[in-house]
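Please look over the model below before reading the notes. They go from the whole chain to one annotated residue.

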Amino acid sequence: MITQSPRPLQRPAWQTELARAVRDPQELLALIGLNNHPQLASEATRRQFPLRVPRGYIARMKKGDPDDPLFRQVFPLIAEDQISPGFSADPVGDLAAMPAPGVLQKYAGRVLLVTTGACAIHCRYCFRRHFPYADHNPAPSQWEQALQYIAQNPSTREVILSGGDPLTLTDHRLAELAQALAAISHVKRLRIHTRLPVVLPERVDSRLLQWLEHTPLQKVVVIHANHANELDDRVGEALEGLSRAGCRLFNQTVLLRGINDKINTLCDLSESLFDAGVIPYYLHLLDRVQGAAHFEVDTLTAQCLYQTLRARLPGYLVPLLVQELAGAPSKLPL
Ligand SMILES: *Cc1c(COP(=O)(O)O)cnc(C)c1O
Ligand code: SF4
């Protein structure tokens, strides 16, 4: 059974930062010193997947530059309105793989929990931009069903908290969940897939570190950074905190046209990650989600970049180039 940990008396600072995230394209433009942008997406597209970006992330953008690699990840462009053949609403087959509400099991030994639909930032290339979260997140009462599924599947050694972004949940909820998972004897590892340490480093506060430090599970945190400019000192502190709390840190990157599809950009990213105690894990080809076609890097170019990375960097700084195909037994190395 889940026991209650004390609820915080005061709202943590990160929740205030999360609530203050910029949602208005004109405000974002003004903050980086641009008057307007000729290619803003239609209102329908912006309503369906709204702009959302934390202020601390905006502060890392270059002023007056519409090609800034951070700005381009979050600003909704008219290109998103286009219907592109081969790009679908559920490119990775998630809806077909749910044995219980919020539970995805595609690969052996690992169960992924869709803990929430919420993110601190809306990345325009996100494969979940059309995912009907509201129908598939486990409501608090449905955690029991997910936990039961895991308990009844003794091959499950690792539980991956994903979303949306699991760290948008309160520490109270997360600590409860970690405790319930730790009580299942065959579960050894807790893995958290999160972009928050990068886009809202305030999230890594003493409350988070406290329950992480105290869970008896082995802990893996996979962050998501696409460009070295995303990693400033504040992010470095957050990552250091996670390391000190006993988390092993990895990074996944999405290969994005016009953002990180240059060899020097990818080398700088790997070096900066290592400086921050993070090992590059995956370099993903874009999932072919409707509205993201303008970010796609073709497979041949991706393979060329990968070969050059191998020639330039020590092996442990080269992320594995992978693609996700619905129905495959693992992510596919290219
Ligand atoms: C990516 C993913 C995993 C984890 O795969 P690894 O190769 O172990 O990182 C697990 N479950 C699902 C549904 C995934 O999409
Ligand atoms: S943080 Fe991750 S899940 Fe959230 S919008 Fe960005 S890519 Fe998608």
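1. With 334 residues, a compact globule would have a radius of gyration near 20 Å, and the chain agrees because its value is 19 Å. That radius is taken over C-alpha atoms, and the globule rule is 2.2 Å times the number of residues to the power 0.38. Along the principal axes, the C-alpha atoms fill a box of roughly 55 × 45 × 40 Å.

2. This is a predicted model: local features need pLDDT of at least 70, side-chain atom pairs count only at pLDDT 80 or more, and totals for chains, interfaces and linings use all residues. Residues are numbered from 1 along each chain as its sequence is written, chains are lettered from A and ligands numbered from 1 in the order in which they are written, and side-chain values use heavy atoms, with hydrogens and water left out.

3. The chain has 13 helices and nine strands (DSSP runs, numbered from the N terminus: H or I of at least four residues for helices, E of at least two for strands).

4. Of the 334 residues, 54% are buried, meaning under 20% relative accessible area with a 1.4 Å probe, protein chains only.

5. Among contacts (heavy atoms within 4.5 Å) with a separation of 6 or more, 82% join residues 24 or more positions apart.

6. UniProt, in an unreviewed entry, lists Lys331 for "modified residue: N6-(pyridoxal phosphate)lysine"; such annotations may be inferred rather than shown by experiment. Lys331 is in the loop between β8 (320–323) and β9 (332–333). Leaving aside neighbours within four places in sequence, Lys331 is in contact with Tyr107, Tyr282, His284, Val322, Gln323 and Glu324.

Methods: Buried < 20%, exposed > 50% of the residue type's maximum accessible area, 1.4 Å probe, protein only.
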